[in-house]
Amino acid sequence: LLLKSGNDCAVALAEHVGGNVDEFVNMMNKKAYEIGAKDTHCTNPHGLDTEDNYSTAYDIAKITCYAKNIDIISKIMNTESITVNFGNTAKFLANTNRLLTTYEYCNGGKTGFTKKARRTLVTTASKDGMNLIVVTFNDGDDFKDHKNLYEKYFNNFKVVKVLNKGDKYGFDSYIGKDFKIIVNDSDNYSTNVVVDNKEGKRNGEIVGKVE
C-alpha cells in the first residue's frame, strides 16, 4: 500500500479492518477529527478523487506526525525497497519516495497523484534531534523543494532543551518530561512555569503549564 500506492491493497485492508469500506471510511474520519485534522474528509480508503474527498497541507502534516509515532508505519515509510512473496510469486517493491535514497536525513513519507490534486508529497526528515515534516500539493518539482526546505530549517534552527524531566517546582510539583523548543539562532526566549491548582490532584496529574 505505502511503497507503491496500491489502491487495491487499500480496499482490501479497509474491508479486513472495518468489515466493509464504508465502515472503515467512518473510522478514518473519526480518527482524523480526534487528532485535530478537522479540515479533512474522506470518502474512500485510497484517496482517489471524489467530490467530497479533501484535506489540507496542515492536516496531512498532523496525520503524518501521528503515523510516525506508530512503529510499524514509521518503519514501512522508511523502507527503500522490499521483496514480498505472494504465494509462489515474488514481487519487488521500490518506494516511490525518491528522497529516501537521495537525501540522507529523510526517514519517511508518501507520494501521491490524482488529476485534481496533481503531484502531492509528504516527507519526514530528522537531524540533530530535530524532526521535520514537509507537505506540498500541486508541486511539479516537489522532491527538490522538500530537500531545499529541509536544508533551510536544519541550517537556521536548532532544538534547545529548556526544562529537564524531574525538575522540581515548589515542594511537590515537578516537570513530567523534557521540554524542548525549536529556535532560530537569533531568537530570545524565556520560560515560566505556572502552577494552576494542586488541590485534590494525585501524583502524575497535570497541575500547571510551561510558558
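A disulfide is a pair of cysteine sulfur atoms within 2.5 Å. Keep that cut-off handy for the first stop. You're looking at a predicted model, where local features need pLDDT of at least 70, side-chain atom pairs count only at pLDDT 80 or more, and totals for chains, interfaces and linings use all residues. Residues are numbered from 1 along each chain as its sequence is written, and side-chain values use heavy atoms, with hydrogens and water left out.

**Stop 1: the cysteines**

Select Cys 9 and show its side chain. Its closest cysteine sulfur belongs to Cys 42 and sits 17 Å away, so that's too far for a bond. The disulfide count by this rule is zero. Now, is Cys 42 buried or exposed? It's buried, at 15% relative accessible area (buried means under 20%, exposed over 50%, partly exposed in between, using a 1.4 Å probe and protein chains only). Cys 9, at 30% relative accessibility, counts as partly exposed.

**Stop 2: strands 3 and 4**

Next, select residues 106–114, strand 3, and residues 118–127, strand 4: they run antiparallel, joined by eight bridges. (Strands are DSSP runs of E, at least two residues, numbered from the N terminus; two of them pair if DSSP finds at least two bridges between them.) Click Gly 109, and look across to Thr 123 in strand 4, its bridge partner. Follow the chain through the hairpin's three residues, which link strand 3 to strand 4.

**Stop 3: on to strand 5**

Which residue in strand 5 is the bridge partner of Thr 124? That's Ile 133. Finish at the hairpin with two residues between strand 4 and strand 5, where Asp 128 takes a positive phi near 50°.

Conventions
Helices (H or I, at least four residues) and strands (E, at least two) are DSSP runs, numbered from the N terminus.
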